Amino acid sequence: DFISAEFKLNATVLAMASDGEELEVTKRTKIMRMSERAHYNKKEIYAVLDECFVCHVALNGKKGLVCMPTAFGRDGDYIYLHGKSNNGVLRSLVDEDGDPSCSICVTVLDGLVIAKSVFHCSMNYRSVIIFGEAEKVDGKEEKLRAMKIFSESTLPGRWDDPGSRQPNEEEITSTLMIRVHVHEAVLKQRAKQCGDDPEDEGRPAWAGVYPLHLQMDHPEPVGYNKDPLPPYLVSYNKGRSFRQVDWAARNKGLSEGVAFWKWVVLMLFFLFCNFLIINYPLKTPLSQW
């Protein structure tokens, strides 16, 4: 039932996003193998992008081909990347003697598909590949806007938190902001159960799907922190598959569990004492002690 619910949730999210604009299918984005898994709908593509924290950027750097993992943000039809102003890899995208062509990839892993046949084991996933050209974001106001987009894509609400500090002049100057227009992209996904050959279905091995999710754990404040967790972090939920732990309920359950096991230990100790008294009575009457 749980697995079926997950598949329905995948289908529901894509259905909600499927009323958007369709991207043109190009030679680079046309899926040849299992083309039925390909989607070119903008909203579907953006839904996957907005669920991810990290992308991989492939480019032709000044020292050769590079594939670099990095955080990213999205606003409208643009992907935003950032790094230090002297970052050689990113600068090779925007310098005059560089190559602005790049490919950006993100992947959400939804489950391990475990078939009775090792050959038919697979994964449920949603993966987006983007092809485009990078452009440098210039000007203080534009850079600040790009930095806010980048920040809000990862941590919505932090930029406008009255207690947090926004970038100063030195930090703005030392940061390189790059954006890539999303006009050539494809989403490929698998969201279904495993499939075995008929002759393998009776084999004595478990088969099915093992769902996977990104889960938010308990926040760990730094030693000098004296402030409560802000509302935008209490309710933080980036993406559909991001699982937030109900810490109030969990801590209550842990407390109740600890109390239960205290009673269990106490009862075992009581029974042990009774066992000793019955089987190994004192030879000296207590009245003579």
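**A tour from the cysteines to the cores**

Begin with Cys52, which counts as buried at 6% relative accessibility. This is a predicted model, and the closest cysteine sulfur to that of Cys52 is in Cys105, 8.9 Å away, which is too far for a bond. Select Cys55 next: at 0% relative accessibility this residue also counts as buried, and its sulfur lies 8.8 Å from the closest cysteine sulfur, again in Cys105, too far for a bond. The count of disulfides comes to 0, because such a pair would need its sulfur atoms within 2.5 Å.

Now turn to the largest nonpolar core, which has 28 residues, and colour Ile45, Leu49, Phe72, Ile79, Val106, Val128 and Ile130, the members that touch the most others. Among the elements that each supply at least two residues of this core are the helices α2 (42–49) and α3 (88–94), together with strands including β2 (54–61), β5 (78–84), β6 (101–114) and β7 (122–136).

Centre the view on Ile79 and, leaving aside neighbours within four places in sequence, look for its contacts, which include Leu49, Phe72, Ile104, Ile130, Ile178 and Val180. A second, separate core of 10 residues can then be selected through Tyr80, Val137, Met147 and Trp159, which are among its members.

Finish with the rings. The charged end of Arg74 sits over the ring of Tyr46, 4.3 Å from its centre, while Arg179 lies over the face of Tyr78, at 4.1 Å from the ring centre. The count of aromatic pairs comes to 0.

Technical notes:
Residues numbered from 1 in each chain as written. Predicted model: local features only at pLDDT ≥ 70, side-chain atom pairs only at ≥ 80, totals over all residues. Heavy atoms only, no water. Core = buried A, V, L, I, M, F, W, Y, C linked by side-chain atoms within 4.5 Å. Buried < 20%, exposed > 50% of the residue type's maximum accessible area, 1.4 Å probe, protein only. Helix = DSSP H or I, 4+ residues; strand = E, 2+ residues; numbered from the N terminus. Contact = heavy atoms within 4.5 Å. Phe/Tyr/Trp six-rings, centres within 6.5 Å; stacked < 30°, edge-to-face > 60°. Lys NZ or Arg CZ within 6 Å of the ring centre and 35° of its normal.
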